[in-house]
Amino acid sequence: HFFGMLFFLLLAFVASATFVDLEMDSARRAAHRLYSCGVHRLRTNPPKCDSFFDARVVPDPFFVPSLRSRTGLDPEVQTFLSHSPSFLHLVDEVVTFLSSSDPSEAPLSACVNCMGGHHRSVAVVEAARRALEEKGFSVEVTHLELNRRT
């Protein structure tokens, strides 16, 4: 009888520890999703998102010869765009939208597009990710035109 009770207590302990671990893993995995893409993808194969943001209102680094071959992941492009009020406003809009929900309860997704999906949309997504992570949110990012998941 003693070993039966000991076995039952051990089983109850393992089950409760596993349940707590599962809850913690689930909370850790819950994240908002951010996508960057080119405008052409919106007509052909858009990601399933709760909201879309258009970065074509932001100055285009493509027309700056020294930035043309770079992407929104490069610090030079991010610095160039960070001086633009329209860039800062768009980042704020994306952050405000995603901050409106707790990802463990209702994860949201947003897509930022620009002409080619290499400069502006990528930089907006990266800036929004940093701002959201500073607020304690988990964010998963996919740059569809760069074929990189970060």
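Q: Which residue is the bridge partner of R33 in β4?
A: The bridge partner of R33 there is E140. Before going on, note that this is a predicted model, in which local features need pLDDT of at least 70, side-chain atom pairs count only at pLDDT 80 or more, and totals for chains, interfaces and linings use all residues. Residues are numbered from 1 along each chain as its sequence is written, and side-chain values use heavy atoms, with hydrogens and water left out.

Q: How many bridges join β1 to β4?
A: Five bridges join β1 (residues 32-38) to β4, and the two strands run parallel; strands here are DSSP runs of E with at least two residues, numbered from the N terminus, and two strands pair if DSSP finds at least two bridges between them.

Q: And is β4 mostly covered or uncovered?
A: Strand β4, residues 139-143, is mostly covered, since four of its five residues are buried, where buried means under 20% relative accessible area with a 1.4 Å probe, protein chains only.

Q: Switching topic, where is P47?
A: P47 is in the loop between α2 (39-44) and β2, and P47 counts as buried because its relative accessibility is 13%.

Q: What does P47 touch?
A: Not counting residues up to four places away in sequence, P47 touches Y35, R41, F52, C111 and L144, a contact being heavy atoms within 4.5 Å. P47 and L144 are 97 residues apart in sequence, yet their C-alpha atoms are 9.0 Å apart in space.

Methods:
Buried < 20%, exposed > 50% of the residue type's maximum accessible area, 1.4 Å probe, protein only.
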